Amino acid sequence: MPDSTKRLVIASVWAVVLLGLPLWWKTTAVYRAQLPFSQIDSWAERKACQLSFPSTFVIHLASIADGEPQAHNRPLDFAVIQETITSHVNNRLASTNARECVEFPLHVNIQNWPITSDMKNLLHHIEPSNSKQVIAIADIEEVSSAVITAILKGERERVRSLACDSELTERSNLDGARTMKFSPTYQMTFSLMNGNPDSLQVDWDIEAAVNTYLKPFISEVSLVSNFTVDSQIQHYADLAVTPQFMERQKLPSYYYLTPQTLPHFINSAEWNLASAISSYPTINFILYIPAADKTPLRIHDDKGQPLRSNAFLIPRWGGIAIKNPPKAASGKLEFSKEDLKPFMEIFVAQLRGLIGIHDLKKTMSSLESSYEISLAPTPQTAVTVIEMDAVVKQRIAENVVNSIATLKSLAQLVMDIPNMVVLDHIRTEVQLSLDSLNQACQALQQEDYLKALQHSIHAIERSEKAFFDPTMVSMLYFPDEHKYAIYMPLFVPVSVPLIMAVIKQLKEYKKEKREQKVKAE
């Protein structure tokens with residue numbers, strides 16, 4: 001074969017290879033939709049929105065008639081009093097932080113009785129009432145300032161701790177490790193655990209008890225999260241710990257559990273507490289009936305004294321109450337709706353803590369005043385308007401911060417792993433999450449907490465949907481080293497002969513040139 005023909009063949013082969021490389025590169029490339037990194041960074045650096053949590057307090061003075069009273073020759077000017085109260089509260093609650101990442105506007109509105117029907121659902125109402133015919137203006141200002149300060153102090157601290165931490169990391173609770181991580185829906189399971197059915201069979205009317213004592217409460221807090229409820233009865237529920245025996249002279253002896261043993265109360269190896277109904281977080285409430293040889297069973301506090309409730313809370317898990325059967329009980333013991341009332345009250349109180357509701361009764365009882373202060377009346381739902389307002393704000397702050405943290409983690413992951421697939425629907429979910437954050441911010445500015453809560457829920461759901469999308473990990477564990485290991489056996493056997501052929505032809509070409517030069521001379 002002539003040399004020119006050989007060179008043409010080699011050039012043709014190389015042309016095919018060089019033209020095929022871009023096509024191979026394109027067909028093997030990982031598709032990566034462009035994420036809005038600048039918007040994510042803006043939220044992560046707290047530049048996109050100044051979070052604002054306004055509070056409005058409507059104060060009704062029950063004993064004041066129109067135009068009356070006057071105190072210390074000073075007319076009762078509501079506008080001046082409102083401004084004074086606002087100033088006092090803001091001074092008492094002024095943050096020592098050099099830079100606040102959240103604002104807390106305060107609005108005070110003083111009105112005469114009665115409450116009108118057009119009040120906002122989440123407004124704060126304070127109703128001071130007393131038998132005096134003349135109320136000193138200074139008392140109105142001082143009492144109202146003290147009440148509002150006490151109410152807002154803990155609320156602002158919790159919101160600030162969620163939103164203003166120097167490190168933007170995921171916040172999964174509201175008060176230490178007690179509160180459940182936010183979820184739009186929780187699965188609530190009530191379990192009746194019978195220590196020894198050989199000596200006593202137990203049953204309960206839990207459906208009627210839930211409808212009567214729990215349903216009004218969960219209907220009220222459905223503004224924040226929904227609940228699905230189921231129940232079960234389990235027999236032969238042996239304890240995972242051995243109670244100690246307290247022998248007393250002239251008094252009945254009993255068995256007891258110490259605070260140190262309570263974390264091991266749940267017998268996870270034998271008790272079936274897993275929910276197969278849904279994938280939502282589960283909140284467990286257990287009514288435990290001890291076996292006859294461990295009855296009566298009580299719980300001691302840190303001081304070695306029996307707890308009156310005989311119940312305890314397991315943070316971020318649920319609550320447990322112990323019911324000792326009557327001594328004369330035999331055969332079968334059934335708990336009616338009325339029998340379950342004290343235990344349902346315990347479970348409701350425990351549920352309040354698990355979903356982040358903080359009790360204001362202690363706060364109000366600690367205030368010393370000659371005036372009677374009452375909060376806005378609410379139905380018998382175990383939660384006041386102010387408590388509901390506070391938990392809504394905290395959940396908004398939690399959802400916003402967690403959404404930002406999730407989006408920031410996603411962006412960082414995409415930048416750190418070049419081989420990660422990012423499809424168009426991931427970009428769509430990220431953008432929808434950012435849009436929901438913007439809408440939540442606007443709703444907060446307008447003091448529309450219900451709308452802000454819904455937007456914050458959408459934001460966290462969209463961000464987590466994008467982060468945990470299955471397509472994100474399709475090439476996650478395929479680093480560059482694996483590429484070399486796979487493609488080298490393919491390209492090396494092909495490329496070596498081609499390169500050697502080119503080198504050989506170059507040598508022959510140079511040799512021909514030298515021979516031609518010699519002949520020419």
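Because the model is predicted, local features need pLDDT of at least 70 and side-chain atom pairs count only at pLDDT 80 or more, while totals for chains, interfaces and linings use all residues. Residues are numbered from 1 along each chain as its sequence is written, and side-chain values use heavy atoms, with hydrogens and water left out.

Helix packing is described first. Two packed helices are described by the angle between their axes and the distance between the axes. Helices (H or I, at least four residues) and strands (E, at least two) are DSSP runs, numbered from the N terminus. Axes are lines fitted to C-alpha atoms, for helices over the stretch in contact, and angles run from 0 to 180 degrees between N-to-C directions. Helix 8 spans residues 385–416, and helix 10 spans residues 449–467. Their axes lie 8 Å apart, at an angle of about 25 degrees. Helix 8 and helix 10 are therefore roughly parallel. Angles under 35 degrees count as roughly parallel, over 145 as roughly antiparallel, 65 to 115 as roughly perpendicular and the rest as oblique. The crossing of helix 8 and helix 10 is left-handed. This term applies if the near helix is turned anticlockwise from the far one by less than a right angle; clockwise gives a right-handed crossing. The contact of helix 8 with helix 10 involves 14 nonpolar, seven polar and four charged residues. Here Ala, Val, Leu, Ile, Met, Phe, Trp, Tyr, Cys and Pro count as nonpolar, Asp, Glu, Lys and Arg as charged, and the others, Gly among them, as polar.

Helix 8 also packs with helix 9. The angle is about 150 degrees, and the axes are 11 Å apart. That makes helix 8 roughly antiparallel to helix 9. The crossing of helix 8 and helix 9 is left-handed.

The structure holds one disulfide (a pair of cysteine sulfur atoms within 2.5 Å). C49 is joined to C441, with an S to S distance of 1.7 Å. The link of C49 and C441 is right-handed, with 85 degrees about the S-S bond. C49 lies in the loop between helix 2 (37–44) and strand 1 (51–52), and C441 lies in helix 9 (residues 424–445), so the pair ties together parts that are 392 residues apart in sequence. C49 has 10% relative accessibility and counts as buried. C441 is likewise buried, at 10%. Buried means under 20% relative accessible area, exposed over 50%, and partly exposed in between (1.4 Å probe, protein chains only).

The nonpolar cores come next. Such a core is a set of buried Ala, Val, Leu, Ile, Met, Phe, Trp, Tyr and Cys residues joined through side-chain atoms within 4.5 Å. The largest has 80 residues. Within this core, F53, F190, L214, F217 and L351 have the most contacts. Helix 8 supplies its largest share, twelve residues. A second, separate core has 19 residues, including V89, L106, L152 and L360.

A150 is in helix 4 (residues 137–163). A150 is partly exposed, at 22% relative accessible area. I10, in helix 1 (residues 3–28), is buried at 16% relative accessibility. The C-alpha atoms of I10 and L498 are separated by 7.5 Å, although the two residues are 488 residues apart along the chain. Q439 lies in helix 9 and is partly exposed, at 36% relative accessibility. Q439 and Q454 are 15 residues apart in sequence, and their C-alpha atoms are 9.6 Å apart in space.

Backbone features complete the description. The peptide bond from T295 to P296 is cis, with omega near -5 degrees. P296 is in the loop between strand 11 (282–289) and strand 12 (297–299). N310 is not a glycine, yet has a positive phi of about 55 degrees. N310 lies in the loop between strand 12 and strand 13 (311–314), and is buried at 9% relative accessibility. E447, also not a glycine, has a positive phi of about 60 degrees. E447 lies in the loop between helix 9 and helix 10. At 18% relative accessibility, E447 counts as buried.
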